[in-house]
Amino acid sequence: MRTAAGHKGESEIAGGPPRNQRGSRRSRRRDSRHPSVPRPDSKVAGDRGRSYHPGMATMSPLEELRHSAAHILATALLRLYPEAKLDIGPPTREGFYYDVELDHSLHAEDLERIEEEMRRVVKENQKFERFETTRAEAEELLRSLGQERFKLGRLADIPDDEAISFYRNGEFTDLCAGTHVPYTKKVKAFKLLQVAGAYHRGDENQPQLQRIYGTAFPTREELEAYLAHLEEARQRDHRRIGKDLHLFQIDEEVGQGLVLWTPEGGILRQELQDYIRGRLNQQGYAQVFTPHIGKLGLFRTSGHFPFYKDSQFPPVVEGEELHRLATEGCGCAELANRLEDGSVDGYLLKPMNCPMHIRLYAGRPHSYRSLPVRLAEFGTVYRWEQSGELNGLTRVRGFTQDDAHIFCTPDQLGGEIAGCLRLTREILETLGLDQYRVRLGLRDPDSDKYVGSAENWERAEAALTAAVEDLGFAYSAETGEAAFYGPKVDFVVEDALGREWQLGTVQVDYNLPERFDLAYTGADNQKHRPVMIHRAPFGSLERFTGVLIEHFAGNFPTWLAPEQVRLLPMNDELVPFAEELAADLRAEGFRVGVDGHADKLGAKIRRAETEKVPHMAVIGAREREAGRVSLRSRIRPDAPEQPTLEEFRAWLRGEVDSKRLPVRPEAEGKKA
RNA sequence: GCCGGAAUAGCUCAGCUGGUAGAGCAACGCAUUCGUAAUGCGUGGGUCGUCGGUUCGAAUCCGAUUUCCGGCUCCA
């Protein structure tokens, strides 16, 4: 599950047994969808069961067009590679693909040739014809087509009460539920985009096929617009902007997926942390600090080790112990076994903060009067992500959660949840991430993967549901999306380009208090079990920052901008004056730069524009004379043009304190 | 982890079929002192990711490896 900060299981902050993966995979797909690459829309393209047979009635005209393009692709492909074995070729949210098995691995040049052949097929204006067969006939037909490799299995997926249909265009015939455009000429605007590996039926134990991605639109203009959109997305990529603006580094010598925050990026992070810390302090949270590493036993109790050892950095064993084992002739495999069975101890880089916070809670007695206890920490955790999954700031191996754990009585649960949800909403809105959806993950009553009593579950779900409803969220309740220890609410955020990211999460947990035998004394003088809430409004600073960079395309609001104002002296003579002014402003806490290059004003403006500094203040002789600056703001069209220094300071102060969102600079990319 | 692609100066990239590297921007220097998106001239900068192989000769061909990119899979 990628929810909180989407680093694996950040939503399952508490760890535990694997969950139903179905829904997760779906969201994951959307999650990481990069606009340059159409992904299968699982509603249409899902690999599960018979979903590849969407049925005639369900295909929209656009899907029909794209699905037809997929058939045209297959037609062309078989002309060039008659030995190709076809799997499926569904439309997707942004285009279509066809999965094929082929010894020759396809390259960009091959795609061009295939595309050319596709144009020929279109020109031939072949008619798409549907016909139905019996199962036996279908089998025979597939064999005669030489397509038994995957198609027979697909045929077997079609239930008995459903018609078995084929579509034929020209020489190409394919097992297919439809639907299609009437003639190939209807498919005018298409493009093959790339080829990628994809497992048959999405199962890594199945053969890996080559997936040819393409897209198609009703008109050439729409296709062009889509391609332009891809280009825009490329420019907005946080890895690209991060490099241009020097916000972070991921260094080969430091390690994969390990983020180095630069001074500029550090400002971003610091501001975000300060902001959230301030809010937490107002809301009765206590800030705590815990180490990055802890004994294996702690994580045995929590359930992380050894069950999830594959997604953790390997344990650290004490030097002396290691030496003793070596002299005993203990091999690596043996060591691994002994670590697992507990006969050798060690330390683990923490994959989650909760065990540490739980130990803090357990470190002193609690009564119902002292609850809730709210322990917050920007806690850095480490998880062994598969190398192929790492991605800029959005999927890394070490990241810092804006984590907190609330220990409360069952009665307090509802109010605490509401507080968490409110905070998350406020944070997202402050940053202009207002296009989020709220997903309420509930347990699947038919599953036995959950812990805790039915009564507790009902209370927890009712509390979560009530909180979400009271706060007026439009939410979607999804069965089977709960964590194993309790229901949860995830905030799925959409960035400016329509990509969805799962960030914040609020989860209710009855499991870990039990595993760690937590207690508080109730009014009845009896021991009671507290309920835990795991929550992280950002998820992780890394992912959140990555999303934020893309959301703003690097044009940050003033309060976040690494450099808030740049002073542009008209000539060298004015540089000392500008420096003085800058020093004054810095003393007031503003982040101010001075462009001391021997350039003309135009060049200085251009530089500041390129570096996305939100505000520029021109300092010329006239300004010095008048005690004013000429303000040029990239993000605030209504900024005062010639404020006095005092007015400028006040304006800037308001700009920072209000955390006002930028007004999109429409001149983006005005440069040649 | 799997399939495919890529790696050349700080950045973006060129370098055909092997003959010991090039542009723009950036940096630096000099001149210019300029009014809202690029002033001119000059200089420095790369063991072509790393290791090995083929060859008289490798950025270029082959192998391995590392990292990145796109998917797939995974994601407590």
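Tutor: Chain A exposes about 29000 Å², and carbon and sulfur atoms supply 49% of that area. Keep in mind that this is a predicted model.

Student: How many helices and strands are in chain A?

Tutor: Chain A has 21 helices and 25 strands. Of its 672 residues, 54% count as buried.

Student: Which residues have the most contacts inside the largest nonpolar core?

Tutor: A nonpolar core is a set of buried nonpolar residues joined through side-chain atoms within 4.5 Å. The largest one here has 81 residues, and Ile417, Leu421, Leu431 and Leu567 have the most contacts inside it. Helix α14 (residues 413-430) gives the most to this core, with eight residues. Domain 1 (4-18 + 258-292 + 350-552) and domain 3 (565-657) each supply at least three residues.

Student: Leaving aside neighbours within four places in sequence, what is Ile417 in contact with?

Tutor: Ile417 is in contact with Ala463, Leu464, Ala467, Val506, Val508 and Ile533. There is also a second, separate core of 29 residues, including Ile72 and Phe190.

Student: How should I read the backbone angles?

Tutor: Most residues other than glycine have a negative phi, and most peptide bonds are trans. In this model, Arg201 has a positive phi of about 60 degrees; Arg201 is in the loop between β6 (189-199) and β7 (208-217). His246 also has a positive phi, of about 55 degrees, and belongs to the loop between α8 (238-244) and β8 (248-250).

Student: Which peptide bond is cis?

Tutor: The bond from Leu371 to Pro372 is cis, with omega near 0 degrees. Pro372 is found in the loop between α13 (354-362) and β13 (373-382).

Methods
Residues numbered from 1 in each chain as written. Chains lettered and ligands numbered in written order. Predicted model: local features only at pLDDT ≥ 70, side-chain atom pairs only at ≥ 80, totals over all residues. Heavy atoms only, no water. Helix = DSSP H or I, 4+ residues; strand = E, 2+ residues; numbered from the N terminus. Buried < 20%, exposed > 50% of the residue type's maximum accessible area, 1.4 Å probe, protein only. Areas by Shrake-Rupley, 256 points an atom, 1.4 Å probe, with all protein chains shown as cover. Domains from an automatic or database assignment. Contact = heavy atoms within 4.5 Å.
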